[in-house]
Amino acid sequence: MVQTEHKNTNRVKIGKSFGSASKSYDVSARLQRFSGKHLMPWLPNRNDLTVLDLGSGTGFFTDLLASTYNQVIGLDISNEMLHFAKEHRNKKILWLEADAHKLPLQDNSIDFIYSNLVIQWFDPLDEAITEMLRILKPGGLLIFTTLVDGTLHELKSSWKQVDDDQHVIDFKTVTELNTLFNNENGKLVEQKCQDIVLEYQNVIHLARELKGLGANHLAQKQNRGLSGKDKWFKMTEHYQDFLEPSGIYPATYRLFSGLVVKLNN
Ligand SMILES: C[S@@+](CC[C@H](N)C(=O)[O-])C[C@H]1O[C@@H](n2cnc3c(N)ncnc32)[C@H](O)[C@@H]1O
């Protein structure tokens, strides 16, 4: 019970963190744009379909989906993201404020779910997978990208040399994803994993981009010993080990793309 409350509070925090980034998000979303577009070849080529964009954010891809498919729903936990999306996107889209762990949609009602860089926030992930498979029609598809273990390893290891706090979220491994998505109701039929290395002028630039993406909710924590500033400085010194000869700071994002089909049971 206490653990469930903790997880719910955490989800509210994630939503707020993304919400406060809703206006700056589209400019700092280089990775999102790349990964979202890269899912396009897996999209069904019929257009009489009902589609859910799960964790729709500012609605950039929801808008693209609405230019092809009959009925498009954008769902997000952050009402600020939804507010931005409602103002800027195709008026035929239906927007829902909800948590992916408790979807306000009927069983067997959606032809496919599109979800770009959202699943890494789900906790517990198996609960959200059960929900996604519940609302999909038999034979329906879940087309998604997420980040897996190895993501931001430069930042993780630089912080590790400073303290034992958790500064970067725990990403699932590819093996864990395979175990979770292959179950009695679903099968992971296609998958791809690739490293995307983005370049930054300095560590502040990286931190700003993570903040701009709303992915910084772990950063607000108590500091013991050294002050927050000193720790930050020490971390940036360790990050120099990864510096490229051109003076650019790299950050690795390990991108996993998956295509899951709901089995006809
Ligand atoms: C990195 S953004 C991606 C947004 C969008 N898919 C895109 O490609 O631009 C992640 C989004 O997931 C939403 N999100 C995080 N946890 C969620 C949850 N439990 N239920 C629904 N949405 C969630 C956040 O509010 C945020 O808008």
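Buried means under 20% relative accessible area, exposed means over 50%, and partly exposed lies in between (1.4 Å probe, protein chains only). This is a predicted model, where local features need pLDDT of at least 70, side-chain atom pairs count only at pLDDT 80 or more, and totals for chains, interfaces and linings use all residues. Residues are numbered from 1 along each chain as its sequence is written, and side-chain values use heavy atoms, leaving out hydrogens and water.

**Salt bridges**
- A salt bridge puts a side-chain nitrogen of Lys or Arg within 4 Å of a carboxyl oxygen of Asp or Glu.
- The structure has seven salt bridges.
- R46 pairs with D48, with the closest N and O atoms 3.0 Å apart. D48 is partly exposed, at 45% relative accessible area.
- K231 bridges to D163, and their closest N and O atoms are 3.1 Å apart. K231 lies in helix α10 (residues 228-239) and D163 in the loop between α7 and α8, so this pair ties together parts 68 residues apart in sequence. K231 is buried at 5%, and D163 is buried at 10%.
- D107, E131 and R134 form a network of salt bridges.

**A buried charge: D53**
- D53 sits in strand β1 (residues 50-54). Helices (H or I, at least four residues) and strands (E, at least two) are DSSP runs, numbered from the N terminus.
- D53 is buried but has no salt bridge. The nearest side chain of opposite charge, R89, is 8.7 Å away. Lys and Arg count as positive, Asp and Glu as negative; His and the chain ends are not counted.
- Leaving aside residues up to four places away in sequence, D53 touches residues including F61, L65 and Y114. Contact means heavy atoms within 4.5 Å.
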